[in-house]
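Let's walk through this structure together, beginning with the overall layout and ending with the backbone.

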Amino acid sequence: QSDTRKKLLELFAEANGDFISGQKISEILGCSRAAVWKHIEELRKEGFELEAVRRLGYRIVSTPDKVTANEIQLGLKTETFGHFVHFEEEVASTQKIALKLAYEGAKEGTLVISELQTAGRGRMGRKWFSPKGTGIWMSLILRPPIPPQKAPQLTLLTAVAICQAIQQVTGIVPDIKWPNDILLNGKKCVGILTELQADPDRVHSVIIGIGVNVNQTVEQFPEDIRTIATSLAIEKGERIKRARLVQEILLQLEKLYHQYLQHGFRPIKLLWEGYAVSIGKKITARTLNGSIKGTALGITDEGLLMLEDEDKHIHYIHSADIQL
Ligand code: BT5
């Protein structure tokens with residue numbers, strides 16, 4: 001079975017994008033035309049794009065873009081991030097697996113990544129839509145020597161790293177909406193979920209969950225988020241190799257993380273402000289204790305949002321949803 005598959009792929013590789021007739025394939029593989037059709041269907045299920053034209057036969061349009069350990073590690077330039085990759089075709093949530101690995105003692109920089117999440121999660125019990133093969137659904141284990149209250153800074157640091165990576169790979173300059181959204185043309189393209197395991201005075205691990213919409217088309221988004229979500233491919237007008245973007249995110253993250261551990265949050269804050277859209281604007285912050293309207297002044301050195309209400313009172317906000 002897998003031998004036939006290999007032969008078929010070799011045939012397509014030799015054809016170099018040209019058509020091969022069904023007749024020829026069945027002769028070379030030594031199987032019936034119906035069996036050829038079955039193999040073609042299986043390849044399609046794996047993400048190969050194959051065109052079938054009567055009389056001409058089959059032609060390969062594109063190969064799958066996978067995010068297995070091999071794909072990620074081939075050409076990876078980091079010192080440690082992503083040197084151990086735990087890949088699964090399908091998971092409930094990469095966060096759950098990373099949490100378990102962290103608990104079992106996994107090293108800093110361990111990456112969990114999957115093609116599909118069946119129960120991807122956002123903040124506060126919300127769902128993260130993570131369809132098969134079109135996005136980056138991954139969780140990175142960090143063990144920063146910082147007090148637990150500083151952990152939210154890592155969300156902001158991650159947002160900057162992802163913006164830099166997106167810019168590097170696609171040329172698009174994204175916007176950041178405090179604290180964890182990355183937007184393209186006002187629509188959400190990336191979500192970040194930072195989960196902390198700590199004692200009151202010591203961090204055991206921080207799991208950085210990253211969801212990036214990469215190759216979805218508009219129709220591939222569920223209706224309830226179609227108007228608020230977008231993908232890099234939609235904005236760029238072409239598909240992007242996910243593994244390449246994963247490599248760049250890991251590289252930028254590692255650089256900023258080292259900078260952060262050496263020099264603190266200040267340099268990161270400056271970079272963050274360069275990408276932030278909400279600063280200086282009138283916004284509404286929905287917190288667990290109600291909504292506050294005001295002008296976003298910026299973020300503090302700790303990473304809290306400073307919001308000035310109509311009475312000139314400044315609120316320091318740890319966690320909220322922001323409406324621009
Ligand atoms: C987030 O939550 O934005 C954090 C998302 C983190 C996802 C990653 S994927 C890898 C790792 N494993 C996980 O299980 N999670 C992490 P929040 O700010 O609460 O935003 C959630 C809201 O975004 C939802 O309520 C929807 O409105 C919207 N949404 C859901 N899926 C989306 C998608 N694919 N693209 C854009 N928006 C989406």
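This is a predicted model: local features need pLDDT of at least 70, side-chain atom pairs count only at pLDDT 80 or more; totals for chains, interfaces and linings use all residues.

Residues are numbered from 1 along each chain as its sequence is written, and side-chain values use heavy atoms, with hydrogens and water left out.

Start with the domains: the assignment for the chain gives domain 1 (2-62), domain 2 (69-275) and domain 3 (282-323). Such bounds come from an automatic or database domain assignment. Between the C-alpha centres of domain 1 and domain 3 there are 57 Å.

Now turn to the ligand, which sits in the largest pocket. Here a pocket is an open set of points on a 1 Å grid over the protein atoms alone, with protein on both sides within 12 Å along at least five of seven lines; a molecule sits in one if more than half of its atoms lie within 2 Å of its grid points. Around the ligand are 27 residues, each with a heavy atom within 4 Å of it. By class, this shell has 10 nonpolar, 12 polar and 5 charged residues, with Gly counted among the polar ones. Helix 5 (94-103), strand 5 (135-142), strand 8 (187-199) and strand 9 (202-213) each give the shell at least two residues. Helices (H or I, at least four residues) and strands (E, at least two) are DSSP runs, numbered from the N terminus.

Which residues come nearest to the ligand? They are Ser93, Arg121, Arg126, Lys188 and Asn213. An N or O atom in the side chain of serine 93 is 2.7 Å from a ligand oxygen, and for lysine 188 a side-chain N or O atom is also 2.7 Å from an oxygen of the ligand. Arginine 121 instead uses a polar backbone atom, 2.7 Å from a ligand oxygen. The protein covers 92% of the 810 Å² of accessible area that the ligand has on its own, by the Shrake-Rupley method with a 1.4 Å probe.

Finally, look at the backbone. Most residues other than glycine have a negative phi, and most peptide bonds are trans. Tryptophan 178 and proline 179 are joined by a cis peptide bond, with omega about -5 degrees.

Note on methods
A polar contact is a pair of N or O atoms within 3.5 Å; within protein, one must be able to donate a hydrogen and the other to accept it, and residues adjacent in sequence count only if both atoms are side-chain atoms. On a 1 Å grid over the protein atoms alone, a cavity is a set of points where a 1.4 Å probe fits but cannot get out, and a pocket is an open set with protein on both sides within 12 Å along at least five of seven lines; lining residues have an atom within 4 Å of a point.
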